[in-house]
Amino acid sequence: MSTKLYPLTFNPILKERIWGGTKLQTYLNKSINSDITGESWEISTVPNDVSVVNSGFLEGKNINDIIALYPEDFLGKSVLDRFGNQFPLLFKFIDAQQDLSIQLHPNDELAKKRHNSFGKTEMWYVMQADDNARLVVGFKGNSNKEEYLAHLENKTLVSILNEIPVKKGDVFFLETGTIHAIGAGIVIAEIQQTSDITYRIYDWDRVDANGNERELHTELALDAINYNTTQAKVNYELNNNQLNKVVDCDYFKTNILSLKGEVTWNKKRDAFTVLMCTEGHFTLSYEEENYNFKNGDTVLLPASIQGVDMSGEATILEISI
């Protein structure tokens, strides 16, 4: 039996959310079990939510198992040197049928001190947006703790926050400390540090089926917030059949490939690479095997894979360290 690593796919980890809907099924082909499914965790090593391979000789093994067996071939030496055996990123698709809570994430220093976790720098790629859909990202103008608390107490926080209309293809890069919320009617691909630490500061006065409000993290958030304005929307070029740079930060690098026909993808970094198909379909050819993917699929190319051939018509996010 071959033990050579190959393009890996995983069982989605589906999450019900009070704001979730059904687009993960109707738009992304996920086998959801409820009409409030908000998230599909595509690749995760968050404790109790570790992704499991769904095909090939590694089927049934989780990412941590594979890292233990093939640390350098899977992660890449540069990732091992920096993060050890920890998988540093988390990949999701999100369906917001209702507004998500207004929230933010702590930086690495705070997250380590308080939660023994990474911080949560993230990016969003808008895959689908209903008419009049919008995001909340940062403040309209520079603010401060006193102004913020006054508006929070008076339930007028939204009046000092920046609401941005969005459309398919928009990209936002969210540094830690940035107040944000995904608005209703949006499907997003999210790339982030491996962390599930969220400080929820306002939830639209929403209650669950039992009449309970969700927990807010007012005190924890105060020294984690960036009170200055931020430019989160990313402008990028989109040329066919080449990697178009979108985000290049300390935690991940993301390119967009608009595939029209055939291309050869060659590795440029000593690290694993993840491909998220956000539209269309494509075939990936490696070692005389063909792997077919469609909108809503995510595939991990271990670091040992140096190149593959790709064909089809698709929009693909290419993410690495």
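Let me begin with the basis of the description. The model is predicted, so local features are given at pLDDT of at least 70 and side-chain atom pairs at pLDDT 80 or more, while totals for chains, interfaces and linings use all residues. Residues are numbered from 1 along each chain as its sequence is written, and side-chain values rest on heavy atoms, with hydrogens and water left out.

I turn to the overall form. The protein contains seven helices and 20 strands; these are DSSP runs, with helices (H or I) of at least four residues and strands (E) of at least two, numbered from the N terminus. Along the principal axes, the C-alpha atoms fill a box of roughly 65 × 40 × 40 Å. The radius of gyration is 20 Å, which agrees with the value near 20 Å for a compact globule of 321 residues. That radius is taken over C-alpha atoms, and the globule rule is 2.2 Å times the number of residues to the power 0.38.

How much of the protein is buried? Of its 321 residues, 54% count as buried. Here buried means under 20% relative accessible area, exposed means over 50%, and partly exposed lies in between, with a 1.4 Å probe and protein chains only. In the protein, 75% of the contacts with a separation of 6 or more join residues 24 or more positions apart, a contact being heavy atoms within 4.5 Å.

Next, the interior. In soluble globular proteins, nonpolar side chains tend to be buried together. A nonpolar core is defined as a set of buried Ala, Val, Leu, Ile, Met, Phe, Trp, Tyr and Cys residues joined through side-chain atoms within 4.5 Å. The largest such core has 45 residues, and F74 and F87 touch the most other members. A second, separate core has 22 residues, including L157, Y202, A224 and Y227. Leaving out residues up to four places away in sequence, F74 touches residues that include L5, L8, F87, F272 and L300.

L8 also leads us to Y291. Y291 belongs to strand β18, residues 289-294. The C-alpha atoms of Y291 and L8 are separated by 9.8 Å, although these residues are 283 apart along the chain. Beyond its neighbours within four places in sequence, Y291 is in contact with Y6, P7, F282, T283, L284 and Y286. Y291 counts as partly exposed because its relative accessibility is 21%.

Two residues deserve attention for their backbone. Most residues other than glycine have a negative phi. N48, however, has a positive phi near 75 degrees, and W204 has a positive phi near 60 degrees. N48 sits in the loop between β3 (45-46) and β4 (49-50) and is exposed, with a relative accessible area of 79%. W204 is found in the loop between β13 (199-202) and α7 (218-222); at 24% relative accessibility, W204 counts as partly exposed.

The loop between β13 and α7 also holds E215. Is E215 buried or exposed? With a relative accessible area of 56%, E215 is exposed. E215 and Y202 are 13 residues apart in sequence, and 9.3 Å separates their C-alpha atoms.

Finally, I mention E109, which lies in helix α5, residues 108-115. E109 counts as exposed, since its relative accessibility is 66%.
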